[in-house]
Amino acid sequence: MAPRISIIIPLRNMERFIGETLSSLEAQTERAFETIVVDDGSTDATMAIVEKAAARGGLGQYKSITGPATGVSAARNAGFAAAKAPAVLFLDGDDLLEPTARERLCDALEATQKAAVLGGITRIDIEGAPLPGADNRALVPEKGHL
């Protein structure tokens, strides 16, 4: 199955968070995707955690790119260059997606043929509790309406 969306995750030394981020990808309802992890010179166990998640098979078509620390912009560009899907989603190594996020994004892009979609976020603290005033999910249109 060809990927509908490429998830690009540039990261460096994210061992504390990346497992939860990848779990949120594995829980997605949209299954036609690829995950591209771009390791920007990690010196911790980040990539061991990523490879373990990839071995479980829940990251869609998976590829990793490893290189020296060149910065997040260069890492994003490397991921973008490797992407195969018609749409991309940049995700940081400490971000979480709601289970229907990829499906809603793909459906909205296909329905409207627009190049950009505003996504809703809820900022959380280190323990996962929402931060006061940090929820903009109400700004996100319902499925199929941009």
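Select Asn13 to begin. This is a predicted model, and in it Asn13 is partly exposed, with a relative accessible area of 28%. That label applies because 28% falls between the cut-offs of 20% for buried and 50% for exposed. Asn13 sits in the loop between β1 and α1. Now look at the backbone. Most residues other than glycine have a negative phi.

**The whole chain**

Zoom out and show the cartoon. How many helices and strands does the protein chain have? There are four helices and six strands. Trace them along the sequence, and the pattern reads β-α-β-α-β-α-β-α-β-β. Colour by accessibility next. Of the 146 residues in the protein chain, 34% are buried. Now think about contacts. Take those between residues at least 6 apart in sequence: 77% of them join residues at least 24 apart.

**Stop: Ser6**

Select Ser6. It is found in strand β1, which covers residues 5-11. Is Ser6 buried or exposed? Ser6 is buried, because its relative accessible area is 0% and buried means under 20%. Show its neighbours. Leaving out residues up to four places away in sequence, Ser6 touches Glu34, Ile36, Ala83, Lys84, Ala85, Ala87, Val88 and Leu89. Ser6 and Pro86 are 80 residues apart along the chain, yet their C-alpha atoms are separated by 7.8 Å.

**Stop: the helix pair**

Select residues 18-26 for helix α1 and residues 46-56 for helix α2. Their axes are 9 Å apart and the helices pack at an angle of about 20°. α1 and α2 are therefore roughly parallel to each other, since angles under 35 degrees count that way. Turn the view to see the crossing: α1 passes α2 in a right-handed one. Which residues make the contact? From α1, pick Ile18, Gly19, Leu22 and Glu26. From α2, pick Thr46, Ile49, Val50, Ala53 and Arg56. Colour this contact by residue type: five are nonpolar, two polar and two charged.

**Stop: Leu22**

Stay on helix α1 and select Leu22. At 0% relative accessibility, Leu22 counts as buried. What does Leu22 touch, not counting residues up to four places away in sequence? The list is Ile9, Ile49, Val50, Ala53 and Leu59. Ile49, Val50 and Ala53 belong to the α2 side of the helix contact. Leu22 and Leu97 are 75 residues apart along the chain, with 9.3 Å between their C-alpha atoms.

**Stop: Thr21**

Select Thr21, also in helix α1. Thr21 counts as buried, at 0% relative accessibility. Show what it touches, again skipping residues up to four places away in sequence. Thr21 contacts Leu91, Asp92, Gly93, Asp94, Asp95 and Leu96.

**Stop: Thr29 and Thr100**

Select Thr29. Its place is in the loop between α1 and β2, with β2 at residues 33-40. Thr29 is partly exposed, with a relative accessible area of 42%. Beyond residues up to four places away in sequence, Thr29 touches Pro99, Thr100 and Glu103.

Follow the contact across to Thr100. Thr100 lies in the loop between β4 (88-90) and α4 (101-112). Thr100 is partly exposed too, with a relative accessible area of 34%. Which residues does Thr100 touch, not counting those up to four places away in sequence? They are Gln28 and Thr29. Finish with Leu25. Thr100 and Leu25 are 75 residues apart in sequence and 10.0 Å apart in space, C-alpha to C-alpha.

Methods
Residues are numbered from 1 along each chain as its sequence is written. This is a predicted model: local features need pLDDT of at least 70, side-chain atom pairs count only at pLDDT 80 or more; totals for chains, interfaces and linings use all residues. Side-chain values use heavy atoms; hydrogens and water are left out. Helices (H or I, at least four residues) and strands (E, at least two) are DSSP runs, numbered from the N terminus. Buried means under 20% relative accessible area, exposed over 50%, partly exposed in between (1.4 Å probe, protein chains only). Contact means heavy atoms within 4.5 Å. Axes are lines fitted to C-alpha atoms, for helices over the stretch in contact, and angles run from 0 to 180 degrees between N-to-C directions. Angles under 35 degrees count as roughly parallel, over 145 as roughly antiparallel, 65 to 115 as roughly perpendicular and the rest as oblique. A crossing is left-handed if the near helix is turned anticlockwise from the far one by less than a right angle, and right-handed if clockwise. Ala, Val, Leu, Ile, Met, Phe, Trp, Tyr, Cys and Pro count as nonpolar, Asp, Glu, Lys and Arg as charged, and the others, Gly among them, as polar.
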